[in-house]
Amino acid sequence: MTRAIFVFCMLCACRTEAPPSADASAPIDAGLAFTFADADPSPSAPATAATSAKPPVDESRLAAYAHVVPQRLKSVGHTSVVFRADFGSGLRAAYKPESKRGHRRYRGEVASYRLAKMLGLPNVIPAEVHVFSRESVRAAAASDARALSLVNDEVIDRKGRVYGSLVPWIDKLEFIAIDAPAERARWEKELKSGDEVPADRRALDAQISTLIVFDYLTGNWDRWSGENVAIDRASGILLFVDNDATFFDPIPPLFAPEKAMLRGVDRFSRALVTRLRAISALDLADAFGDEEPGSPLLSARVVAACEARRKEIVALVDSKIAQLGEANVLYFP
């Protein structure tokens, strides 16, 4: 697969068993990073109704963060270490550094984005990894007592470097309570084969079905803990936010309900299933790419686990098609 290399100030990163080695002699005053994007993806992603809508944040916005250094960090996390990072010139991002309570979890944000991109899904906000010097992170946190305390006590320092995911900030991000009991009961019923889905519910239900598939593929065990799904009203796109509980090795027992949820779905996106049928472990590894040149984003074992889940999804869909008919299962575009 042809790979075009765009040099930003980001390290495309994800969860692996061991962190890459850090060369303390390399300059990191403004971060260090590389983004790999497929110039000629194979197989081609099918067109879908979702991909025709313009996402609220596209990849082009990442270029604006090249060579930035945080000027101010404010703690905005509850159970995890997350900061709102201000860089000046109006640039702001959510920054999740590697921390003791979330060791390497920041990489899940990037892994999820890269996978969504390969699948042609606009639902995951672009995320890349920035590597800042320890000194610049401490200086930016100095004006927020909680932020500084977290930097001192929780943030992991790799030979003077702090690795973390950077996600462009969305003002007035609106969360949608699709996990509220009444709403969940409604879409669970609508995703079962049977009555037609009302026209005004089809776009939402299609994306919820895709969310369930995507979370199973990524091994996400923390989607339904509250405020992990948002919506962009202008486009109608659901935003799958907070993806750091993905690609664990091994996946914790907390993931078991996700399999039950997937098995409860009868209606899927035809385009997504077509894409899942076409890709292989090599395609997945290529999509995840490198964390930094020469260092794979995901280990072979993690990629193999993702590939195994892909096969499970396809097998489940095939069994439902045999039972219910293709038109009833590949119900959404």
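In strand β9, A230 is the bridge partner of F175; helices (H or I, at least four residues) and strands (E, at least two) are DSSP runs, numbered from the N terminus. The model is predicted: local features require pLDDT of at least 70 and side-chain atom pairs pLDDT 80 or more, whereas totals for chains, interfaces and linings use all residues. Residues are numbered from 1 along each chain as its sequence is written, and side-chain values use heavy atoms, with hydrogens and water left out.

**The sheet**

β8 and β9 run antiparallel and are joined by two bridges; two strands pair if DSSP finds at least two bridges between them. The open sheet consists of three strands in the order β8-β9-β10, with antiparallel pairing. Its edge strands, β8 and β10, each pair on one side only.

| Strand | Residues |
|---|---|
| β8 | 174-175 |
| β9 | 229-232 |
| β10 | 237-240 |

Helix α5 packs on this sheet and touches β9 and β10; its direction makes about 20° with that of β10. Axes are lines fitted to C-alpha atoms, for helices over the stretch in contact, and angles run from 0 to 180 degrees between N-to-C directions. Contact means heavy atoms within 4.5 Å.

Because 15 of its 17 residues are buried, α5 is largely enclosed by the rest of the structure. Buried means under 20% relative accessible area and exposed over 50%, with partly exposed in between (1.4 Å probe, protein chains only).

In helix α4 (residues 181-190), the residues E183, W187 and E190 are buried. They cover an arc of only 60° around the axis, which puts them on the same side of α4; the arc is that of the directions from the helix axis to the C-beta atoms. P181, A182 and K189, on the other side of α4, are exposed. The buried residues of α4 pack against α5 and α6 (256-263).

**Nonpolar cores**

A nonpolar core is a set of buried Ala, Val, Leu, Ile, Met, Phe, Trp, Tyr and Cys residues joined through side-chain atoms within 4.5 Å. The largest has 70 residues, and L115, L119, I212, L276 and F288 have the most contacts inside it. Helix α5 supplies the largest share of this core, nine residues. Apart from it lies another core of 19 residues, including V68, A85, A147 and L166.
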